[in-house]
Amino acid sequence: MDKPFLAKLRRIDPYVPGEQPQSQNIIKLNANENPYPPAPGVQAALRAFDASSLALYPDANGKALKTALANRFSVKPTQVFLGNGSDDVLALAFQSFFCSGEPILYPDITYSFYPVWCDLFRIPYETVPLDENFCVRLRDYDKPNGGVVLPNPNAPTGRALPLDAIEDLLQHNQDCVVIIDEAYVDFGAASAVPLLSKYENLLVVQTMSKSRSLAGLRIGYALGSETLIATLEAVKNSYNSYTMDAVALAAGEAAVKDETYFQQTCRKVAATRDRAADALRALGFSVSPSLANFLFVTHPQKKAADIFAYLREQGIFIRYFKLPRIDNHLRITVGTDEQMDKLIDALRAYL
Ligand code: PMP
């Protein structure tokens, strides 16, 4: 090779997020974003933001936002960790907690960023197959491991486990850190936050990208025991002291403080989801029961890849994963009622 430095570069297959097309005329149901704007208080906080304050570094500890989250979840501020989206929080958690050299466990069908972080941080892992209905088989996690990661609801299936199942998982996995990724929990599933007082090895990760309509700001957080949070802080402070910018800190605080708007928005999305699921079933789709802001569907007669391509031509973007076991499925983000009606009309015309 005439350029030997090339052999020394890192080679890795990165995570590929949903497309962000620039055209205004498309119906974007491909990245599990919220179709509604953030809480009115967020607009107010952004308008009131003093740009001259940007000359200074932000509060590296994010005290005001941590306090707002601690109050919201009835934990101490020292049990809250902040990051630049929950991807940042999860990446730091993988680096902080999965150092034993034993394989960590997560479902075979799940958030496709997990294997990417394992490769990046050289963490061994084992995937645990979901059953034929894409349900988690809890007993399959009863084996020695270096940690467990489970999204609840799972992505891209939308299926959720009840709280007693999560507690069962924790009871059988007390010698490692268990991460419950609750990116979609606010749309109807039970959060594991009440279990934090019982399980010091539990880390609950949430995001403001979905239920709080703030994907553009990148705000994620983790809730856990003071021991886990202090470890995350130490790793973060060995990497980048100022992950959260001052604008995100201010807007995030305003978002957490508007509980009424948050509840209303989540209820609206859940109602549209259930209505759209019925309409898709009426068109012959098989729809996994979802407690998230997306639906995971397959059609017995039509190929998922073809439906995906057809909808794209119609200006409707959804998500197709060319992955084992799910390459005939589609993930459809729940938009507004009007957007979902257009999707259903387009599918009816296609079928
Ligand atoms: N966890 C899961 C299961 C997700 O689907 C996503 C969204 N891609 C995330 C975490 C990360 O979301 P964000 O970084 O926007 O908080």
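**A working chat on the predicted model**

Colleague: How many helices and strands does the protein have?

Modeller: The model is a predicted one, and the protein in it has 10 helices and 12 strands.

Colleague: What share of the residues counts as buried?

Modeller: Of the 351 residues, 52% count as buried. The protein exposes about 16200 Å², and carbon and sulfur atoms supply 52% of that area.

Colleague: What share of the contacts comes from residues 24 or more positions apart?

Modeller: Such residues account for 72% of the contacts with a separation of 6 or more.

Colleague: Let us turn to the sheets. Which strand order does the open sheet of three strands have?

Modeller: The order is β9-β10-β12, with antiparallel pairing. Strands β9 and β12 stand at the edges with a single partner strand each, so one side of each is left without a neighbour in the sheet.

Colleague: How many bridges join β10 to β12, and how many join β9 to β10?

Modeller: Four bridges join β10 to strand β12, which covers residues 330-333. Two bridges join β10 to strand β9, residues 286-287. Both pairs run antiparallel.

Colleague: How many residues lie between β9 and β10 in their hairpin?

Modeller: There are six residues between the two strands of that hairpin.

Colleague: Is β10 mostly covered or mostly open?

Modeller: Strand β10, residues 294-298, is mostly covered, with five of its five residues buried. This holds for both faces: F294, F296 and T298 are buried on one side, and L295 and V297 are buried on the other.

Colleague: Now to helix α4. Which of its residues are buried?

Modeller: In α4, which runs over residues 114-121, Y114, V116, W117 and C118 are buried.

Colleague: What do those buried residues pack against?

Modeller: They pack against helix α3 (86-97) and against the strands β3 (104-107), β4, β5 and β6 (178-181).

Colleague: Which residue just after α4 takes a positive phi?

Modeller: That is R122, with a positive phi of about 55 degrees.

Colleague: Where do S74 and F134 lie? I ask about their backbone as well.

Modeller: S74 is in the loop between α2 (63-73) and β2 (80-83), and its phi is positive, about 55 degrees, although S74 is not a glycine. F134 lies in the loop between β4 (125-128) and β5. The phi of F134 is near 65 degrees, again a positive value in a residue other than glycine.

Colleague: Are they buried or exposed?

Modeller: S74 counts as exposed because its relative accessibility is 68%, above the 50% cut-off. F134 counts as buried because its relative accessibility is 8%, under the 20% cut-off.

Colleague: One last topic, the surface. Which residues make the nonpolar patch?

Modeller: The patch is made by F5, L6 and L9, and its area is about 280 Å².

Colleague: Where is F5 found, and why does F5 count as partly exposed?

Modeller: F5 is found in the segment before β1 (27-28). F5 counts as partly exposed because its relative accessibility is 49%, a value between the 20% and 50% cut-offs.

Methods
Residues numbered from 1 in each chain as written. Predicted model: local features only at pLDDT ≥ 70, side-chain atom pairs only at ≥ 80, totals over all residues. Heavy atoms only, no water. Patch = residues over 30% accessible without salt bridge, like charges linked within 9 Å, V, L, I, M, F, W, Y side chains within 5 Å. Areas by Shrake-Rupley, 256 points an atom, 1.4 Å probe, with all protein chains shown as cover. Salt bridge = Lys/Arg side-chain N within 4 Å of Asp/Glu carboxyl O. Buried < 20%, exposed > 50% of the residue type's maximum accessible area, 1.4 Å probe, protein only. Contact = heavy atoms within 4.5 Å. Pairing = 2+ DSSP bridges.
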